[in-house]
Amino acid sequence: MGCLQQNPGDSLPTASVILCFHDEVWSTLLRTVHSILDTVPRAFLKEIILVDDLSQQGQLKSSLSEYVARLEGVKLLRSNKRLGAIRARMLGATRATGDVLVFMDSHCECHPGWLEPLLSRIAGDR
């Protein structure tokens, strides 16, 4: 609860949130994306980068591309071969433009105030 009482100000670095997935359940993946979009002030969220590690599920192909194209600040990268967790994260990192990289699982649910304390600590001591 202490995090919600903090006032980070406007001088925080921006974050690129990188979510890697392989055959993640559609609803779970989108719940994660929307929970980030709904809880992070836009000034601090540079982008969300989804890295598809060669998913085979049909819905994660063109349907996901079309859905993500309508979301502001969300990018979709697709690997043409299976990379594994670390290399998929590295792929996302190479495309990230935020000041800070935040790696998350593709099946998380964020709540208000989760990112600002992290950025505040980094801003205080890079």
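Buried means under 20% relative accessible area, exposed means over 50%, and partly exposed lies in between (1.4 Å probe, protein chains only). The views below show a predicted model, in which local features need pLDDT of at least 70 and side-chain atom pairs count only at pLDDT 80 or more, while totals for chains, interfaces and linings use all residues. Residues are numbered from 1 along each chain as its sequence is written, and side-chain values use heavy atoms, with hydrogens and water left out.

**View 1. Alanine 85 in helix α4.** Alanine 85 belongs to helix α4 (residues 85-95); helices (H or I, at least four residues) and strands (E, at least two) are DSSP runs, numbered from the N terminus. With a relative accessible area of 48%, alanine 85 is partly exposed. Histidine 22 is 63 residues from alanine 85 in sequence, yet the C-alpha atoms of the two residues are 9.2 Å apart in space.

**View 2. The enclosed strand β1.** Seven of the seven residues of strand β1 (residues 15-21) are buried, so the strand is largely enclosed by the rest of the structure. Ala15, Val17, Leu19 and Phe21 point one way from β1, whereas Ser16, Ile18 and Cys20 point the other way.

**View 3. The strands paired with β1.** Two strands pair if DSSP finds at least two bridges between them. Strand β1 runs parallel to strand β2 (residues 45-52), and seven bridges join them. Leucine 45 in β2 is the bridge partner of alanine 15. From β1 the chain passes through helix α2 (residues 26-39) to β2, a right-handed β-α-β crossover; right-handed means that, with the strands pointing away from the viewer, the path from the first strand over the helix to the second runs clockwise. Strand β1 also runs parallel to strand β4 (residues 100-104), to which five bridges join it. Here valine 17 has valine 102 of β4 as its bridge partner.

View 4. A search of the whole structure finds one aromatic pair. Tryptophan 26 and tyrosine 67 form this edge-to-face pair, at 5.8 Å centre to centre and with 75° between the planes. Rings of Phe, Tyr and Trp (its six-membered ring) pair if their centres lie within 6.5 Å; planes under 30 degrees apart count as stacked, over 60 as edge-to-face and the rest as tilted. Tryptophan 26 lies in helix α2 and tyrosine 67 in helix α3 (residues 62-69), so the pair ties together parts that are 41 residues apart in sequence. Tyrosine 67 is partly exposed, at 22% relative accessibility.
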